[in-house]
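Me: Here is a structure to go through. Please take the questions one at a time.

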Amino acid sequence: MDLTLSARDTAFREEVRDFLRAELPTRISEKVRLGRQLVKDDYLEWHALLRGRGWLAGNWPRAHGGAEWSAVERHLFDLEATAANAPRILPFGLVMLGPVLMKFGSDAQKTHYLPRILNDDDWWCQGYSEPGAGSDLASLRTSAVRDGDHYIVNGQKTWTTLGHYANRMFALVRTDPQAPKKQAGISFLLIDMESPGIEVRPIRLVDGTAEVNEVFLRDVRVPVENLVGRENDGWSIAKYLLTHERTGIAGVGFARAGLAALKRIAAQEREGGKPLARNALFAARIARVEIALMAMETTNLRVVAAAAAGQAPGPESSMLKVKGTQIRQEITDLIRRATGPYALPFQADALAPAGNTAPIGPDHAPAAAPQYFNNRKLSIYGGSNEIQRGIISKTMLGL
Amino acid sequence: MDFTLSETRAMLADSLRGTLTRGADWAALAELGVPAALFTEAEGGYGGEGFDIALVFEELGRAGAVTPLLDTCILAGGLLAECGADVQVAAILSGESQGAFAHWEPGSRYSPEPMQTAARETDGGWRLTGHKAVVVNAPASDLILCSARLPDERTGLFLVASASSGVELRETPLMGGGDAAEIILDDTPAQLLTSDAASMIEARLARACLAQCAEALGLMQAIRDLTLDYLRTRNQFGQPIGRFQALQHRMADMLIEIEQVRSAVINLAGHLAADRQTREHHVSAAKVLTGEVARLVSEESIQMHGGIGLTEEYALGRHAIRLSLCDHRFGDVDYHLARFSALSHQENQS
């Protein structure tokens, strides 16, 4: 047992800090700090800076152009980048599809797609959820019917995050509607979003954003070589993909950055001439969530360390999902409360990518309530927290 | 970073677990060398680090064992060792002596400030007058350590022989097992060990909190296992009650929270030797989480069991009582939440 960072890890952290100080443009970090919406070019600019340093694919092996960071290095990078208000690295190609292609893809798929992910030549989106297949994902109905060298795809995907920017989608489709188990008739398919028959419609959310979309597929022709792995083996690929999401699932970096913002805001907001941070009740609320976070960080590192030591990635990621999202939701709730009456105005322009109206109230006010509502998604997506509890009781508890 | 147990510690855990399943009293634990695991080599032991304490007490908790180890070794023994009282420490290591720490006072709950018990110097040495509250393990102790206010307002640490004149013990069994006593000191002769004990006591209590949280973690696991067995075997409505989602999800939440406590215990164990601010932050963090989760685990497990959970014949009730009442020693959830905030505030000021 040893909780201290090695000299190598400490040096790495310094390297990351130096890089962020020198390279992360203030224009972008200010947007993140103020909770303004980011646009495609913001993400691409940040990716390009990381690519220049060889850090875009921290989780990939060197053989594929990644940085091959250890679990601790990934954790440290995550903490430093979020603390510096860097945008998130988009996970669709780098974290989700990349590892799937490395494990299940054909040589041709690897050679073609992996460098394109690394270069941001493609913007991938995830085609999983459907209107009738949310928590019960395996009941999905989007069909892919073989027609010579092509699959003909028909159906509808939904909640497609940033799908309006994407030129490619990895999707789960039903290739065998007669399979005895619904999980057994699903395949993993790569779809060109510029194909005829695809229509993307934004879903407007109550916080004023439209980051998610509906994707309609009508007689979309997808070449057979775009099948990943074997036909009808898509469910095991989907499960493998989920295990690769796990290191980030706790959202420790976001939580740490959120807590730091909460403390700044509580020190800045005043009540009866004193900072809100000195209100014993509010201070106790902050203390409680910080204490939960301190423990969750260590739980996260324990899971990551066990996985790095070769132990099978297990349902622990479900525990991290539940606890991590509870903590992040609690923090955004406290930021909303700390903002007081200034959380009431809906200042859409102050959050819009090109907005330039000076906000009413303190600069943290415009995003306080919208981000609170936006973060309700955390316990809904990626397998709702109820699904996670089901996984825990089945696999860890044997109930 | 490394979250694996060293080979020595894994062996200690194994042998301790084996001994505890056979039921072990103080003499048996001393013979096995368990007290020595809680002292450093310089003090005559072979452990004494945070992870040694965590490991021993987690096993004790898992077995639901009621032992004098915390009061004798971590509190009294540790203070004696720091004051260089080698003879008494050797007596503890051999199992000959037991100890207790008389520190808290009536009317001051978890912080004995300002301390009412006063020390007065006479020709023949020091004498103490005051009242110490719920001194755990005092009835069985021949070594009672006692804090008292010195004439110059500093906190002194004294050794009181329990057989000495002018000391009255009102003994009581404890709800969670073991014994304690109210101690009334009336011009009681005592031996001064150190006249500047405040920071020594704080650091010692950090270890006591670690021991207690680790024991609670062990108890939580014992309770989890009992409850899981029950959910798998108790049939109602024609099926094991563990098939009901309402109970499955509550059990999953319990598991998540128990892992949080494990992490808090690891954090505290790993920061016992850190600077004061860092160490004490982890003390209060561990106490808050342990106290909150202790309540969740004991209440939920009893509820999921139903009435059987409160019977004397079944182990759950005893475990749950022991677990719940850990919040009443060394500061409860509210005390440590306020303390955690105050420490954070000091940090911002400095």
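Me: How many cavities of 30 Å³ or more does the structure hold?
Reply: This is a predicted model, in which local features need pLDDT of at least 70 and side-chain atom pairs count only at pLDDT 80 or more, while totals for chains, interfaces and linings use all residues. Residues are numbered from 1 along each chain as its sequence is written, chains are lettered from A and ligands numbered from 1 in the order in which they are written, and side-chain values use heavy atoms, without hydrogens and water. A cavity is a set of points, on a 1 Å grid over the protein atoms alone, where a 1.4 Å probe fits but cannot get out. The number of cavities of 30 Å³ or more is three.

Me: How much space lies in the largest cavity?
Reply: Grid points are joined across faces, edges and corners, and a volume is the space filled by probe spheres set on the points. For the largest cavity this comes to about 120 Å³.

Me: Which element gives the most to the lining of the largest cavity?
Reply: Lining residues have an atom within 4 Å of a point; here they include A:His47, A:Asp120 and A:Trp124. Helices are DSSP runs (H or I, at least four residues), numbered from the N terminus. Two elements give two or more residues, one of them helix 3 (40–53) of chain A. The most, three residues, comes from helix 5 of chain A.

Me: Why is helix 5 of chain A largely enclosed by the rest of the structure?
Reply: Buried means under 20% relative accessible area (1.4 Å probe, protein chains only). Among the buried residues of helix 5 of chain A are A:Phe92, A:Gly93 and A:Leu94, which also line the largest cavity. The helix is largely enclosed because its buried residues number eleven of the 14.

Me: Where in helix 5 of chain A does a kink lie?
Reply: The bend at a residue is the angle between axes fitted to the seven residues ending there and the seven starting there. In helix 5 of chain A the kink is about 40 degrees and comes shortly before the proline A:Pro99. Its position is A:Leu97.

Me: How many residues of helix 12 of chain A are buried?
Reply: Helix 12 of chain A spans residues 365–374 and is mostly covered. Its buried residues include A:Pro366, A:Pro370 and A:Tyr372.

Key:
Buried means under 20% relative accessible area, exposed over 50%, partly exposed in between (1.4 Å probe, protein chains only). On a 1 Å grid over the protein atoms alone, a cavity is a set of points where a 1.4 Å probe fits but cannot get out, and a pocket is an open set with protein on both sides within 12 Å along at least five of seven lines; lining residues have an atom within 4 Å of a point.
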